[in-house]
Amino acid sequence: MMQEELNNASTSNPPPHDHETWETVSSKRAPAKQPPLQPTSGNRQRTVSFIEPPRPAKANPGKSSIYEPRNKPNTYMKQSCLPVEDRDPDLLEQQANGSKVYHKSEYRPGMIIRGLLHEQDYIATSSKSSITIIDKNRTDSRLGPIYTKWRKMIVLKLFEDHYTAIPLFTHNGKGLVNKNAPEEFVSIRDHRTKEETPRLSTHKPLKTATMNNGIELYSNKSTAHITYALPRKYDIPIVKEGELLKASLNNLIYLFNRYAPKEIAGVPRDG
C-alpha cells in the first residue's frame, strides 16, 4: 500500500527538471529589481542606467610621461611637448625665449637683457599712460589690472641682492612722438643695422657692441628711458641679448647722473 502511494506521488509530481522550462521557472521567481526613476524638468522621468563606464587603461609603469597634471605642485612641464590646449602661453614663451636664472657674478653694467616686467595698468585711469592694453598681456588682480610684457633692459648698477636696469621702449613704433620730456630718453642703435638710427632726442644715440645669436634686430624707434631705472632681483629669469659699447655705457651713466641725480635738494623749513 505504501509503495503504491509513493509510485502515484512520483507520477503526479514529476521532477522539476523533466517538465519545467525557462519560462515556467522565471514566472515563479520574484520580479527583477527595476532601476529607480529620477525626476527631471517638466514632470518627466528618466531611467538611470547602471551600466558601469569602461575603466581607463592602466599606464605602462615602465615608461614615464612628459605630461603631468597642472594641479601637481612644483612640476616642471616642457610646454612644447604638451597638447596645444594644455599649454601655458606664458611658460611656453618663457621656455621658447630660453630665459633662465643667472648667478650674480654673471651680471655686469652694460649688459642688455630681456625679462618679464609686471606693472600696474595705469591706462585704466589715465589716458596719458605709456602702457597700452593688449588683452593677452593684461591680468585682472584683486587690487586692479596688471600689465605684463617681455621688456628689454640695460643693466646699469649692481647691488648686493639686486640690480638696477634701464628699460627700452618703442612706444608702439612711434618713438618719442608726443612725449613731453624727450630729454629723459636716449635712442639706441643696433650695430647690425645698415641704416643710420635717427636721433629721437637731443642726446647722442647709444650703440650695441655685440648681440647674441637669435636676437631680432632692434627697431630704430627704440629708446632707453633714462629716468625710469628698475630694481630687479638676481633670481628672476632673464634672456641675455647683448652688450653696449663701453663708450655708450659711459654716456648712459653720465645721462643718468644728470637727469636722475642721487642727491635731492631739501625743502625749506617752516618759519
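The model is predicted, so local features need pLDDT of at least 70 and side-chain atom pairs count only at pLDDT 80 or more, while totals for chains, interfaces and linings use all residues. Residues are numbered from 1 along each chain as its sequence is written, and side-chain values use heavy atoms, with hydrogens and water left out.

Let us begin with the rings. A pair of aromatic rings is described by the distance of the centres and the angle of the planes. Rings of Phe, Tyr and Trp (its six-membered ring) pair if their centres lie within 6.5 Å; planes under 30 degrees apart are stacked, over 60 edge-to-face, and the rest tilted. The count comes to four aromatic pairs. In one of them, Y107 and Y163 are tilted, with 4.7 Å from centre to centre and 35° between the planes. Y107 lies in the loop between helix 4 (89-97) and strand 3 (111-120) and Y163 in strand 6 (residues 162-169), so this pair ties together parts that are 56 residues apart in sequence. Here helices (H or I, at least four residues) and strands (E, at least two) are DSSP runs, numbered from the N terminus.

Y163 is buried, at 0% relative accessibility; buried means under 20% relative accessible area, exposed over 50%, and partly exposed in between (1.4 Å probe, protein chains only). Y163 also forms a tilted pair with Y234, at 5.5 Å centre to centre and 40° between the planes. Since Y234 lies in the loop between strand 10 (230-233) and strand 11 (239-244), this pair with Y163 of strand 6 ties together parts 71 residues apart in sequence.

Charged side chains come next. The structure holds seven salt bridges, each being a side-chain nitrogen of Lys or Arg within 4 Å of a carboxyl oxygen of Asp or Glu. Among them, K240 pairs with E106, the closest N and O atoms being 3.0 Å apart. K240 lies in strand 11 and E106 in the loop between helix 4 and strand 3, so the bridge ties together parts 134 residues apart in sequence. K240 is partly exposed at 23% relative accessibility, and E106 is partly exposed at 33%.

Another salt bridge joins E241 and K152 (3.1 Å, N to O). E241 is buried at 0% relative accessibility, whereas K152 is partly exposed at 26%.
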